[in-house]
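Please keep the sequence and the structure in view while reading.

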Amino acid sequence: MAEEEKPTIIFDKAKSGRSTCRATGEKIEKDDFRVGMEAWISGRMSMTWQKPVPFLDACLVEECAGRSSNYGTDKAKGHKFKRGEVRFICSSLDKKLYLTLESAASLLKPILEELGPRKFGVLGLKGLEELHEGHRREFYGAFCVDDKAAAKFDKQHPPPEEPSEEEDGGDRDKPKEPASKKQKRQPGAIGKENHKASASAATPASPPPKLTEYEVQRQEQIARNRERLEALGLPDLVKSTMPEKPKQPAQTKGISAKRTREKEEAGPRRASLRQRGVKADGTQVDEELRGGRVTVINGEVIREPASYSHREPSPPKERHAKGPLQFESANGTKRSDAAFLDLLRSEVTGPTDGSAPTLAQIKKFKLKETDIAKVCKNGIVHLAFHPGSAALILATADKSGNMGLWSIDHQPQPLKQEELDKEEEGPKAGQAEEDEGEDDGVLELTPHQSYISGLRWAGSTGAAARLFTCSYDGSVRMLDPNAGSFQLVLSDEDAEFSAFDCTADGNSAFLGDKDGNIDFLDVRAGKTTQEGVNLHPKKINTIHVEPTEERLLVTSSADNSLAVWDVRQMGKGGKPVSSASHSLTCQSAYFAPDGSQRVLSTSRDDTLRVWEGKKDLAEAVSIKHYNNTGRWVVPFRSVWGPASDTIICGNMKRNIDIYGKDGAQAVAMNSEYMTAIASRNVVHPFVPALAGGTASGRVHIYR
């Protein structure tokens, strides 16, 4: 019995009114027909829904043309397309589904029957008018188009001529045969035709044809115009205004494969019996099975396959390490690690004028080539400046559990080889040769084993500042510079924390998870204070504590909503103080730093919005901003400037968009040294400096 094919397109009625059309952004009401197709969303394959007419409007029928080694495969039939065949393309977001005409007609039949020809005619599909007559006949046959309608369409849209064999290269799947080979295969190589060809090849080339009177006049006019332009100096002026080709900045700071690579010991070289001087015993293999069983000629079994029954089961892998983790970087030395801890222990708060960077300052920031470093291995998801101002220190976290620390104004200092040889042992021995004897102020650490969902400095602006991190691996850690380690604050083997924030003193923290629950953590006790409360039906993306009234929280969720909560009223059955909603996932929501309780949100519906927290989250500003970052770029999260008069967000064109509090764009910051998309950004609370983190792990400092 043939295996039942898995449906690639679903057509049914909406079971609720919560789904949204991916093509138009409109709500799909309950019991309305919808078309479902899988596509990549937030790093995984999920079912996406569209209304039938927009779905069909986006479909395309085309011929496989051009030179390619892969034209796609029909997922329904397993047919691999070849050059010259017709394929039908359905799409949802960035996902494309390739189908043969027969598969497409079968899958789309219920949709077309339900709509009827008045709402959508099959002859209205895109690309049909570009098909030549032969392929149109295939389409008409597959979709059962009657002859009268087909003749009318052909009259309105005459089909293009089908390419001849000579124009198309003969066999589509076979490369053209060189003329020299064809000539060799012809019989009678010394016949009259070959003789004529060789004679014509020996004659000199004929002179080029003479130009007509019109062409002569045209060339003279071009020459006069060129002389006039050169006399005015316009060519030199144009060259002076042409932008120079952007320079690719050489990586001079941060981690790299070279700096973190450990030397591997070379194993013994393989050698045959003859090379080792060992005489062969004459044994010949009779049978070798796929499982690993080897039998020689005399019937003796010389190797058996590994038996899983005799293996001891491996212990389950821990989701995170238990206990404290020592402050030991993957790319530094003992000396550089100790120096960075000394810097964190010192009083890093310096004299400031007490004012936060304003919009007028931020829009003048520039990027220098020396203010770029690779701080994390993978895509950066969080950035946080140390609250001190004497030393500019930045903490970053990535998607794989790694954390980076960068002393931005650190001056590289040569390391003495004799000191390194004395200090370093084990895997870091001799690393100074690879590091070229320099410490550039960047350290890479690994406090977690999975996506880091929260990062914040708390406790103080000086030496007592502690760095809190939270991860999907179910752990919360605190970097204590005085102890020189990452202390384990909370361990939960079953939890997957997706959001985190804490109070300014670092004594209380709030943890959101993928199921929409929130937990309340007492940092000093190292445990949650009450049973988790469900706030949203889907994952919580961000949690933010109101800076001046820490009893208030704002959450954003994958259920498209954002909500303000009062901690004192968040028991079971508690309701939000106020809530609002986007039409698609709400990626983030943050309170303004000035205590006005305005909330800035970012959504997949391509908007940045400001809501009045004191007025039941009434919408105050809406900014149109493209937020569809795709699979490989970290989703955008817009943030406030420290003075609450600035909105900052990354841009798919490698800019950093700066808006005023009224939503008007002040500037799109860019630089020739900006070679990637800065998805996540942060501004120092006191020092005029902005950091942008990219999916490659690099940080760019504008100041």
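Does Leu93 count as buried, partly exposed or exposed? At 35% relative accessibility, Leu93 counts as partly exposed, where buried means under 20% relative accessible area, exposed over 50% and partly exposed in between, with a 1.4 Å probe and protein chains only. Leu93 is located in the loop between S5 and S6, and has a positive phi of about 55 degrees although it is not a glycine.

The model is a predicted one, in which local features need pLDDT of at least 70 and side-chain atom pairs count only at pLDDT 80 or more, while totals for chains, interfaces and linings use all residues. Residues are numbered from 1 along each chain as its sequence is written, and side-chain values use heavy atoms, with hydrogens and water left out.

The secondary structure of the protein chain consists of 15 helices and 41 strands; helices (H or I, at least four residues) and strands (E, at least two) are DSSP runs, numbered from the N terminus. Of the 703 residues in the chain, 44% are buried. The accessible surface comes to about 39,900 Å², and 49% of this belongs to carbon and sulfur atoms; such areas come from the Shrake-Rupley method with a 1.4 Å probe, and for residues only the protein chains shown count as cover. Among contacts (heavy atoms within 4.5 Å) between residues at least 6 apart in sequence, 56% join residues at least 24 apart.

In soluble globular proteins, nonpolar side chains tend to be buried together. A nonpolar core is here a set of buried Ala, Val, Leu, Ile, Met, Phe, Trp, Tyr and Cys residues joined through side-chain atoms within 4.5 Å. The largest such core has 32 residues, and those with the most contacts inside it are Phe55, Leu56, Phe88, Cys90, Phe139 and Phe143. At least two residues each come from strand S2 (33-41), helix H1 (52-58), strand S5 (86-92), strand S6 (95-99), helix H2 (101-119), H3 and H4. H2 gives the most to this core, with 7 residues. Apart from this core lies another, of 30 residues, among them Val610, Ile656, Ile658 and Leu690. Leaving aside neighbours within four places in sequence, the contacts of Phe88 include Cys59, Leu97, Ala104, Leu125 and Phe143.

Helices H3 (residues 133-142) and H4 (residues 147-156) have axes that come within 11 Å and cross at roughly 145 degrees. The contact involves Arg136, Arg137 and Tyr140 of H3 together with Ala150, Phe153 and Asp154 of H4.

Apart from neighbours within four places in sequence, Thr20 is in contact with residues including Trp49, Ser583 and Leu584. Not counting residues up to four places away in sequence, Ser46 touches Met37, Glu38, Ala39 and Ile41. The C-alpha atoms of Ser46 and Gly36, 10 residues apart along the chain, are separated by 9.9 Å.

A positive phi also occurs at Arg654, about 65 degrees, although Arg654 is not a glycine. Arg654 lies in the loop between strand S36 (646-650) and strand S37 (656-660), and counts as partly exposed at 44% relative accessibility.

Note on methods
Axes are lines fitted to C-alpha atoms, for helices over the stretch in contact, and angles run from 0 to 180 degrees between N-to-C directions.
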